Number of protein chains: 2
Amino acid sequence: MKIVGLMSGTSGDGVDAALIEVSGRGQALKARAIATQTLAYPRSLQQRIVTASVSGTVADICHLNALLGEWFANAALNVIRQAKLRPADIAVIGSHGQTVHHLPQGIQAPGVGAVRSTLQIAEPAVIAERTGITTIANFRPRDIAAGGQGAPLTPAAHALLLKHPRRARLIVNLGGISNVTYVPRGGIWDGVLAFDTGPANMVLDSLVARATNGRQVMDRDGKWALKGKVDGRLLGKLLAHPFLSRRPPKSTGREEFGPRLTDELLSIQTQQGLSIEDLLATCSMWTAKAVGTARRWIKGTIDEVVVGGGGVRNRAVMDNLTAVFASTPVTTFEALGWESKAFEAVAFALLAYQTMTGQWGNIPAVTGATHPVLLGAIVPGGPRWAKQFRL
Amino acid sequence: MKIVGLMSGTSGDGVDAALIEVSGRGQALKARAIATQTLAYPRSLQQRIVTASVSGTVADICHLNALLGEWFANAALNVIRQAKLRPADIAVIGSHGQTVHHLPQGIQAPGVGAVRSTLQIAEPAVIAERTGITTIANFRPRDIAAGGQGAPLTPAAHALLLKHPRRARLIVNLGGISNVTYVPRGGIWDGVLAFDTGPANMVLDSLVARATNGRQVMDRDGKWALKGKVDGRLLGKLLAHPFLSRRPPKSTGREEFGPRLTDELLSIQTQQGLSIEDLLATCSMWTAKAVGTARRWIKGTIDEVVVGGGGVRNRAVMDNLTAVFASTPVTTFEALGWESKAFEAVAFALLAYQTMTGQWGNIPAVTGATHPVLLGAIVPGGPRWAKQFRL
């Protein structure tokens with residue numbers, strides 16, 4: 001079954017599209033990437049999305065929902081064309097949409113109790129109409145309705161795609177924040193654990209942006225960090241950050257590792273007379289050691305570490321991870337045939353496959369749901385759409 | 001197949017639920033009402049919905065979407081209980097949701113062109129999770145994606161439920177505004193026409209509210225109008241309203257028949273020294289004659305007039321309609337076994353049935369779509385949900 005996955009992240013910079021082929025189920029599931037592509041939004045649209053997510057009005061959301069539907073449809077058609085396939089070759093599209101709000105903490109409502117909610121837009125009826133392909137979207141609300149946080153949903157894809165029959169794997173995602181998924185041998189969902197581990201690109205990128213007055217936005221390939229020396233005093237301080245010793249389930253973000261921390265780091269840099277290279281070397285090591293703390297909470301053995309996310313291109317962080325995990329081999333998503341950048345799009349293609357085949361998409365131990373559920377809302381491509389479903 | 005339909009109108013006063021039984025297809029389709037019920041919202045929730053529809057923020061919409069999902073789920077469970085059935089007896093729920101915005105006029109977007117949109121909320125994943133019943137929602141966006149206005153969708157239900165094998169029927173809905181659907185003999189969709197005809201309860205209700213300083217909100221049973229006399233001079237003026245002679249497709253609302261018109265009518269009443277009874281008698285006749293203008297645009301014969309909507313209880317309007325249509329018999333939805341008040345909920349149950357059986361739900365000549373489409377997004381009740389679909 002060939003499936004397209006579509007994803008637009010919270011930065012709102014464009015639609016990642018992935019075309020994959022999937023067969024089998026559960027531990028016997030097999031999948032491969034056929035093509036991936038990113039359709040970048042114009043700057044004005046990105047700005048509208050970011051603004052709408054914070055303070056958008058009902059009219060903004062109504063219009064953006066349909067407008068993003070058109071962009072998502074184009075992203076799907078582009079990746080299908082790139083693979084030299086036709087829409088009729090595609091069984092289903094799995095579209096995450098664009099998150100514009102996420103309120104997983106309950107808000108009390110009279111007569112109903114605590115109501116938790118999330119809102120993804122990019123109208124699937126537009127995607128289905130433009131492509132003629134059955135489209136599954138709105139994956140998160142069902143997990144929330146079942147008592148979960150609606151996130152993270154990628155660990156199910158980690159377990160299905162990055163499993164190994166005889167090796168227990170720690171999947172590491174180096175995004176703005178680092179998070180891990182523990183995938184037991186054979187990829188069985190019982191025993192899958194996932195949580196945030198600490199800072200990653202968010203800290204490194206913002207230090208570079210501040211040091212270069214915005215002329216550079218990242219330490220490309222970790223070159224600066226590789227020239228610096230880790231400062232033991234600062235590293236010790238950073239490793240004492242309370243998030244690192246908090247027990248999972250745990251998640252974090254800009255509140256703990258955003259601009260306020262960058263300010264603190266730059267003031268310590270001045271106090272201690274560190275070069276920007278030393279500062280980046282230290283924070284790169286901190287990133288790796290924060291990931292290493294995952295071992296405290298995982299009871300099973302870890303036979304292999306598999307790293308994905310934008311951070312895989314940072315040589316300094318990757319070298320440090322190899323050092324931190326010592327005798328445990330460290331490899332990458334790329335080495336297993338999956339592009340880091342497109343992996344979330346791949347994950348939603350795979351979650352669509354789960355729904356197509358009548359299989360659960362959430363892992364209750366990971367999202368906090370009281371039970372597993374079928375995820376998503378299905379918009380028919382054409383009149384005989386349900387014949388494709390293999391329940 | 002037993003189906004629950006759920007609807008909350010723009011006044012946001014509660015969820016109408018209808019439980020119906022349907023079999024057959026198209027001209028051979030048969031349906032009957034089993035139970036109907038309204039779950040009223042508390043005043044505070046109604047206020048929040050009305051406010052959110054005009055100036056809600058993304059956070060309001062996100063939260064209300066999940067909150068209304070809970071109310072809709074309760075409305076469904078209540079009507080099932082009332083019918084002494086269990087959720088397992090119900091094949092599917094068709095939920096219109098709550099419209100919070102409707103922008104069917106295109107707004108230009110760079111690189112995409114004119115984008116038209118609509119937004120209904122009341123999260124179907126919540127309805128499916130609480131009831132365990134497969135839920136179809138978001139009916140309008142697909143028609144809009146196919147070039148239509150996303151409305152009106154009830155004419156398809158009129159054609160399927162109120163057809164007669166040998167009589168062409170004019171279906172009249174007396175809501176705030178009056179609208180008609182012409183259903184040819186046998187209910188064939190070719191030849192179905194639908195459009196707004198003019199003012200109805202909106203004008204009558206607001207005159208009563210103003211005359212009683214809000215103590216009464218309607219001319220109950222048309223009692224006041226029945227005591228008054230139609231004023232020929234005023235009626236002549238009202239019949240010259242340009243909307244009445246506009247060619248369909250046409251739709252209208254508060255802009256043309258809202259508070260500004262009420263002000264005008266009250267000032268004419270003072271000038272001419274009319275009693276409130278005379279004013280209501282005149283406007284009741286205007287309502288009936290506006291409906292009568294439908295005959296100008298319908299080429300086929302009309303063998304019978306079938307009236308629904310809150311206005312069926314207004315004896316003055318009904319008497320006037322009988323006079324206006326002269327030798328053509330005038331009957332009501334109620335006489336054909338359908339409650340006027342619940343008919344929109346019934347319509348969305350029926351549109352869910354259309355999707356369940358792989359049949360189109362929109363009438364392109366009515367909505368303006370370039371072609372017929374399957375309507376709705378389907379949220380699975382349980383893992384074997386697609387087995388129920390009869391495509």
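Is B:Arg315 buried, partly exposed or exposed? At 42% relative accessibility, B:Arg315 counts as partly exposed (buried is under 20% relative accessible area, exposed over 50%, partly exposed in between, with a 1.4 Å probe and protein chains only).

Before going on, a word on the model: it is predicted, so local features need pLDDT of at least 70 and side-chain atom pairs count only at pLDDT 80 or more, while totals for chains, interfaces and linings use all residues. Residues are numbered from 1 along each chain as its sequence is written, chains are lettered from A and ligands numbered from 1 in the order in which they are written, and side-chain values use heavy atoms, with hydrogens and water left out.

**Stop 1: a helix in chain B**

Helices (H or I, at least four residues) and strands (E, at least two) are DSSP runs, numbered from the N terminus. B:Asp319 is partly exposed, at 36%.

**Stop 2: salt bridges in chain A**

Over all chains, a search of the whole structure finds 24 salt bridges. Select A:Asp16 and A:Lys341, which form one of them, with the closest N and O atoms 3.2 Å apart. A:Asp16 is in strand β2 (residues 14-23) and A:Lys341 in the loop between β11 (330-332) and α15 (343-356), so the pair ties together parts that are 325 residues apart in sequence. Color by accessibility here: A:Asp16 is buried at 15%, whereas A:Lys341 is exposed at 53%.

Next, pick A:Asp89 and A:Arg86, whose side chains meet in a salt bridge of 3.2 Å. A:Asp89 is partly exposed (27%) and A:Arg86 is exposed (52%). For a network of salt bridges, select A:Lys2, A:Glu21 and A:Arg32 together.

**Stop 3**

Most residues other than glycine have a negative phi, and most peptide bonds are trans. Now look at the exceptions. B:Ala151 and B:Pro152 are joined by a cis peptide bond, with omega about -10°; B:Pro152 is in the loop between α4 (140-145) and α5 (154-161). The bond from B:Pro248 to B:Pro249 is also cis, with omega near 0°, and B:Pro249 lies between α9 (242-245) and α10 (254-257).

For positive phi, jump to B:Ala122, at about 120°. B:Ala122 is in the loop between β5 (113-121) and α3 (124-131) and is buried, at 3%. B:Ala326 has a positive phi too, about 45°, but B:Ala326 is exposed, at 59%.

**Stop 4: around B:Thr134**

B:Thr134 is in the loop between α3 and β6 (135-137) of chain B and is buried, at 2%. Leaving aside neighbours within four places in sequence, its contacts (heavy atoms within 4.5 Å) include B:Ile93, B:Trp385 and B:Phe389. B:Gln388 is 254 residues away along the chain, yet the C-alpha atoms of B:Thr134 and B:Gln388 are 9.5 Å apart. Zoom in on B:Gly381 as well: its backbone nitrogen lies 2.9 Å from a polar atom of the B:Thr134 side chain.

**Stop 5: where the chains meet**

Show both chains. 57 residues of chain A are in contact with 57 residues of chain B. Together the chains bury about 4,500 Å², 69% of it on carbon and sulfur atoms (buried area is the accessible area, with a 1.4 Å probe, that two parts lose on being put together, summed over both). Highlight A:Val58, A:Arg142 and A:Leu391, which supply 16% of the area that chain A buries against chain B, more than any other three residues.

Stay on A:Arg142: it forms a salt bridge with B:Glu129, the closest N and O atoms being 2.8 Å apart. On the side of chain A that touches chain B, α2(A) gives the largest share, 10 residues.

Finally, superpose the copies. Chain A can be laid on chain B with an RMSD of 0.1 Å by a turn of 180° and a shift of 0.1 Å along the axis (least squares on the C-alpha atoms of residues with pLDDT of at least 70 in both). That is the relation of a two-fold axis.

Methods:
Salt bridge = Lys/Arg side-chain N within 4 Å of Asp/Glu carboxyl O. Polar contact = N/O pair within 3.5 Å; in protein donor to acceptor, adjacent residues only side chain to side chain.
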